[in-house]
Amino acid sequence: MSIRAICAALALAAAGTAVADTTPHNLSTGSFSQDWATTTLITADNNWSGVPSIIGYRGDDLTTGTGTDPQTILADGAATPVNVEANETNPNVFATGGVAEFDGIANPTIALNGSATADAPHIVIRLNTSGREGVQVIYTLRDLDGSGDNAVMPVALQYRVGASGAFTNVPAGFVADATTGPNLATQTTLVTAALPEAADDQAIVDVRIITANAAGSDEWVGIDNINVFSFPIPPTLAFDPIAADEGNAGNTTFTFAITKTSNAPATV
C-alpha cells in the first residue's frame, strides 16, 4: 500500500470515530440552546460531530414490544447505533425509523420516529451543572408528519448523573401523544420541566428525550427550540463568633447591623 493510500485510510478511520462532540455544555458559561436553524451542523448520516453536546441513538431492542411507554425505558442506549439520517426533505414520505434531520422544510429540525428496528430512538444532551442549581429544560415537540400515518406518539424526558448507567424519568416532561393525524401536521407541544436536585452541581448530567415504536404507523416528532438554563448556587455564609474569638486574650467586640423592615408586631 502506498503512503498516500495509508494516509487516506487513516483519515477515513479518524472521520469514522468522530461521530459526536460529547463535550458537556457548561451551564456556568450560559444557557444551552439549539434550534437547528444552522443546517450545516449535520451533513452526513450518523455523524453528530458538528452539533455540540448532542448525540442521537436508534435505540434498538431497548424494548421488544410496540406501544411501550417510553417513561419505562430507562436502560442506557449508548450501545445501540449512533443514528441520524441527514439532509432529509419530506417527513411525509421518508419512512426510515430512528433519528432524522429535516433541513428541506420551512423550519428545519431533527425528529424521532420509532420502527421495528428503531425500538426507542432518542437524543442525549450532555451538560455540566457544576456550581449551578434549578436546571430547567425547555423544548418544543412538533408533529411533522402530514401523511396518512397515524399513531399515539408519546415522548418522555429523562436524566442521569454521569455518562453511563440507567436514566431516571422526569414525569413533568412526559407528553402522552405529540402528534395528530392522519393527514395532519400542525400540533406543537411546549415541554417545560425542572430536573431534580440530584442534577445540581454535577460535572456530567445527561438529558434524554425518547420515544418508542408505536402500535400504529409511527409519525415523525420534531424536537425543536431546545433550551436549558440554571441558576448559580449561592455562596454559603457562615459566622461563628465563638470560633472567631477562640485563642484571643481579653475581650472582642462584634458589631451587627439591624434593619427594620416593617411595622408588623412581633410574633412568637
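The model is predicted. Its chain averages a pLDDT of 89, and 82% of the residues score at least 70. Over residues 1–17, however, the pLDDT is below 50. The structure holds 1 cavity of 30 Å³ or more.

**Confidence**

- Residues 1–17, with pLDDT below 50, have 2 contacts in the model beyond near neighbours in sequence.
- Residues 264–268 also have pLDDT under 50. For this stretch the model has 0 contacts beyond four places in sequence.
- Where pLDDT is low, the predicted coordinates should not be read in detail.

**T211**

- T211 sits in the loop that runs between β14 (205–210) and β15 (221–232).
- The relative accessible area of T211 is 0%, so this residue is buried, the cut-off being under 20%.
- The T211 side chain reaches the backbone oxygen of P154 at a distance of 2.7 Å.
- P154 is also in the contact list of T211, together with M153 and V155.

**The cavity**

- The largest cavity has a volume of about 60 Å³.
- Its lining includes W36, T38, T39, L41 and I42.
- E101, F102, D103, P108, T109 and I110 are also among the lining residues.
- Strands β7 (98–102) and β8 (109–113) each supply at least two residues of this lining.
- By residue class, the lining divides into 6 nonpolar, 3 polar and 2 charged.

- The peptide bond from G181 to P182 is cis, and its omega is near 5°.
- P182 lies in the loop between β12 (168–169) and β13 (188–194).
- N183 lies in the loop between β12 and β13.
- Phi of N183 is positive, near 60°, in a residue other than glycine.
- N183 is exposed because its relative accessible area, 54%, is over the 50% cut-off.

- N225 is placed in strand β15.
- Phi of N225 is near 50°, a positive value in a residue other than glycine.
- With a relative accessible area of 40%, N225 is partly exposed.

Definitions and conventions: Residues numbered from 1 in each chain as written. Predicted model: local features only at pLDDT ≥ 70, side-chain atom pairs only at ≥ 80, totals over all residues. Heavy atoms only, no water. pLDDT = per-residue confidence, 0-100. Contact = heavy atoms within 4.5 Å. Helix = DSSP H or I, 4+ residues; strand = E, 2+ residues; numbered from the N terminus. Buried < 20%, exposed > 50% of the residue type's maximum accessible area, 1.4 Å probe, protein only. Polar contact = N/O pair within 3.5 Å; in protein donor to acceptor, adjacent residues only side chain to side chain. 1 Å grid on protein atoms, 1.4 Å probe; cavity = no way out; pocket = protein on both sides within 12 Å on 5 of 7 lines; lining within 4 Å. Points joined across faces, edges and corners; volume = space filled by probe spheres on them. Nonpolar A, V, L, I, M, F, W, Y, C, P; charged D, E, K, R; others polar.
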